[in-house]
Amino acid sequence: MRPLTVTTFLTLDGVAQAPGGPEEDTSGGFPYGGWLVPFADEAFGQQMDAWFRGAEDFLLGRTTYEIFAAHWPHVDPTGDPVAQRCRRRPSTWPRGR
C-alpha cells in the first residue's frame, strides 16, 4: 500500500485555501482569496514541483477537481513539472476538455 500525503495551504490564523487567484473560492463570502500569490517565490515553486513529482496519483475533492480539470489539461507541459505530472493521467480529466 502506498502512503497518502496530504498537502494543504494554511495561514497562521487557520485559513485553509488553495494558492489560486482571488476568485478561486469565495464560498461563505470569503474576501481574501489569492492571499498566497504575493508570497510565492522560487523556493515555493520548487516545493510545489517536489510535491507533484513524488505523487503517483491525486485524490481531489470536487471543487479542486473542477479547478484542476479546467486548467491543467490546457497547460503546455514543456518545462512545467506540475503540468507534466497532471497530464500523465489523462483518464482523470473529463473527456472533451
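## The nonpolar core

Let's start on the inside: the largest nonpolar core of this chain has 10 residues, namely F9, L36, M48, F52, F68, W72, V75, V82, A83 and C86. Two elements give two or more residues to this core, helix 1 (42-54) and helix 3 (81-87). Helix 3 supplies the largest share, with three residues.

Please keep in mind as you look around that this is a predicted model.

## The overall layout

Read from the N terminus, the order of elements is α-α-α. Along the principal axes, the C-alpha atoms fill a box of roughly 35 × 30 × 30 Å.

How much of the chain counts as buried? Of its 97 residues, 22% do. The chain exposes about 7,200 Å², and 56% of that area is supplied by carbon and sulfur atoms. Contacts across the sequence are worth a look too: among those between residues at least 6 apart, 45% join residues at least 24 apart.

Which residue forms a salt bridge with R62? The partner is E66, and the closest N and O atoms of the pair are 3.5 Å apart. That distance meets the rule for a salt bridge, because the rule asks for a side-chain nitrogen of Lys or Arg within 4 Å of a carboxyl oxygen of Asp or Glu. By this rule, the count for the model comes to one salt bridge.

Both R62 and E66 belong to helix 2 (residues 62-71), where they sit four residues apart, about one turn of the helix. Their surroundings can be compared with the cut-offs for exposure. R62 has a relative accessible area of 60% and is exposed, while E66, at 41%, is partly exposed.

L4, V6 and L59 make a nonpolar surface patch of about 400 Å². One of these residues, V6, is found in the segment before helix 1.

Is V6 buried or exposed? With a relative accessible area of 67%, V6 is exposed. The cut-off explains the label, because exposed means over 50% relative accessible area.

Methods. Residues numbered from 1 in each chain as written. Predicted model: local features only at pLDDT ≥ 70, side-chain atom pairs only at ≥ 80, totals over all residues. Heavy atoms only, no water. Core = buried A, V, L, I, M, F, W, Y, C linked by side-chain atoms within 4.5 Å. Buried < 20%, exposed > 50% of the residue type's maximum accessible area, 1.4 Å probe, protein only. Patch = residues over 30% accessible without salt bridge, like charges linked within 9 Å, V, L, I, M, F, W, Y side chains within 5 Å. Areas by Shrake-Rupley, 256 points an atom, 1.4 Å probe, with all protein chains shown as cover. Contact = heavy atoms within 4.5 Å.
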